[in-house]
Amino acid sequence: CNSVEALAEHTGVPLENLMAAISETHEHGVDRFGRDLGKTPGLQVPFFAVRVTGALFHTQGGLAIDGEAHVLRDDGSPFPNLFAAGGAAVGVSGPDISGYLSGNGLLTAIALGRIAGEASVSSW
Ligand SMILES: Cc1cc2nc3c(=O)[nH]c(=O)nc-3n(C[C@H](O)[C@H](O)[C@H](O)COP(=O)(O)OP(=O)(O)OC[C@H]3O[C@@H](n4cnc5c(N)ncnc54)[C@H](O)[C@@H]3O)c2cc1C
């Protein structure tokens, strides 16, 4: 958008709130979240907006799987055509936050997803 007014209309954010947030940041160099923006250049047109929403950050626990990402039954035997990876599969983080490993979420989504894909093709 080429003006704050147009940005307010486009996003549906009340203009006075948008103006207040922008002037607050420009006047103090620090926004309401405490981020120091004093050393970054001021906002200039065109303005861009992103919608920020809640998202699942991390899961601990999940479906038990084998080394080919087959989901396991209670007796430990694998379902032939049911696979799990990423947040749906149990990982190595353990039962609570103390075991959180940064990077492990995308690791299991991508690496295990590939393994599951390859295993599913070879089981056809
Ligand atoms: C803010 C944030 C920062 C993160 N930073 C990191 C990081 O630095 N390093 C790291 O390793 N991990 C990070 N993670 C975690 C990582 O993003 C997740 O662990 C990973 O994306 C999980 O992958 P996934 O494929 O299991 O699930 P998702 O990425 O959640 O994918 C699930 C998909 O299924 C779709 N879906 C849901 N329901 C349905 C349905 N009924 N029909 C069809 N589709 C459906 C969803 O739209 C989504 O696209 C971060 C997560 C967040 C939220």
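Student: Before we start, what counts as a polar contact?

Tutor: Here we're looking at pairs of N or O atoms. To count as a polar contact, the two atoms have to lie within 3.5 Å. Keep that cut-off in mind as we go through this predicted model.

Student: Okay, how far is a backbone N or O atom of Leu106 from an oxygen atom of the ligand?

Tutor: Look at the backbone of Leu106 and at an oxygen atom of the ligand. A polar contact needs N or O atoms within 3.5 Å, so this pair qualifies. The distance is 2.8 Å.

Student: How much of the ligand's accessible area does the protein cover?

Tutor: Start with the ligand on its own, which has 990 Å² of accessible area.

Student: How many charged residues are in the shell around the ligand?

Tutor: The residues around the ligand include Ala55, Phe57, Gly86 and Asn104. Sorted by class, the shell has five nonpolar and five polar residues. As for charged residues, the count is none: there are no charged residues.

Student: Is Asn104 buried or exposed?

Tutor: Asn104 sits in helix 3, which covers residues 104-122. Leaving out residues up to four places away in sequence, Asn104 touches Val92 and Ser93. Its relative accessibility is 8%, and buried means under 20%, so Asn104 counts as buried.

Student: What about His70, buried or exposed?

Tutor: You'll find His70 in strand 1, residues 70-72. Among the residues His70 touches are Ala64, Ile65, Pro78 and Phe83. With 9% relative accessibility against a limit of under 20%, His70 counts as buried.

Student: And Gln44, buried or exposed?

Tutor: Gln44 is in the loop between helix 2 (15-28) and strand 1. Its relative accessible area is 62%, and the exposed class is over 50%, so Gln44 is exposed.

Student: How far apart do the C-alpha centres of domain 1 and domain 2 lie?

Tutor: The domain assignment gives domain 1 as 1-55 and domain 2 as 70-122. Between the C-alpha centres of domain 1 and domain 2, the distance is 40 Å.

Note on methods. Residues numbered from 1 in each chain as written. Predicted model: local features only at pLDDT ≥ 70, side-chain atom pairs only at ≥ 80, totals over all residues. Heavy atoms only, no water. Domains from an automatic or database assignment. Near = heavy atom within 4 Å. Polar contact = N/O pair within 3.5 Å; in protein donor to acceptor, adjacent residues only side chain to side chain. Areas by Shrake-Rupley, 256 points an atom, 1.4 Å probe, with all protein chains shown as cover. Nonpolar A, V, L, I, M, F, W, Y, C, P; charged D, E, K, R; others polar. Helix = DSSP H or I, 4+ residues; strand = E, 2+ residues; numbered from the N terminus. Buried < 20%, exposed > 50% of the residue type's maximum accessible area, 1.4 Å probe, protein only. Contact = heavy atoms within 4.5 Å.
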